[in-house]
Amino acid sequence: MEYFNAFLCGGLLCAIGQLLIDKTQLTPARILTGYVVAGVILSAAGLYEPLAQWGGAGASVPLTGFGHLLAKGVRRAVDMDGWLGVLTGGLTAAAGGVAAATFFAAVMAAVFKPSAKR
């Protein structure tokens with residue numbers, strides 16, 4: 001059931017994104033940003049944690065999960081460090097994922113030659 005919930009949750013998030021691409025004039029960059037912000041807002045309202053518990057990786061891996069991670073990091077850092085945590089918490093919580101993405105992007109850029117479009 002765990003896998004089913006993950007695929008259902010992730011699939012619904014992807015389907016909503018696809019509908020936004022197909023039915024609106026929103027650019028993919030705005031949809032991406034909107035998903036991250038939605039994750040932050042839902043987390044701040046206390047709604048994303050139950051979704052993440054139910055959906056597992058289907059809720060924590062997409063962009064909304066990144067927003068949730070940022071919000072959790074800020075909340076934890078504010079509790080520990082006060083208002084300075086607003087600036088440091090999100091970066092601390094997401095540091096591993098950002099570092100991995102940067103590392104693998106550099107490896108792919110070194111391994112593969114980009115093709116020029118005309």
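**The cysteines and their surroundings**

A: The count of disulfides is zero, where a disulfide is a pair of cysteine sulfur atoms within 2.5 Å. In general, a disulfide is a covalent bond between the sulfur atoms of two cysteines. This is a predicted model: local features need pLDDT of at least 70, side-chain atom pairs count only at pLDDT 80 or more, and totals for chains, interfaces and linings use all residues. Residues are numbered from 1 along each chain as its sequence is written, and side-chain values use heavy atoms, with hydrogens and water left out.

Start with cysteine 9. Its closest cysteine sulfur belongs to cysteine 14 and lies 9.7 Å away, too far for a bond. From the side of cysteine 14, the closest cysteine sulfur is that of cysteine 9, again at 9.7 Å and too far for a bond.

Now their surroundings. Cysteine 9 counts as buried because its relative accessibility is 4%. Cysteine 14 has 56% relative accessibility, so it counts as exposed. Buried means under 20% relative accessible area, exposed over 50%, and partly exposed in between, with a 1.4 Å probe and protein chains only.

Next, the chain as a whole. The protein chain has six helices and zero strands. Helices (H or I, at least four residues) and strands (E, at least two) are DSSP runs, numbered from the N terminus. Buried residues make up 24% of the 118 residues. The chain exposes about 8,600 Å², and carbon and sulfur atoms supply 72% of that area. Accessible areas come from the Shrake-Rupley method with a 1.4 Å probe; for residues, only the protein chains shown count as cover. The C-alpha atoms fill a box of roughly 50 × 35 × 35 Å along the principal axes.

Helix α6 covers residues 85-111, and its 27 residues should span 39 Å at 1.5 Å a residue. That expected span is 1.5 Å times one less than the number of residues. The end C-alpha atoms are 38 Å apart, which agrees. Gly85, Gly89, Gly90 and Ala94 of α6 are buried. Their cover includes α5 (63-81).

Proline 62 sits in the loop between α4 (57-60) and α5. Neighbours within four places in sequence aside, proline 62 is in contact (heavy atoms within 4.5 Å) with Leu13 and Ala57.
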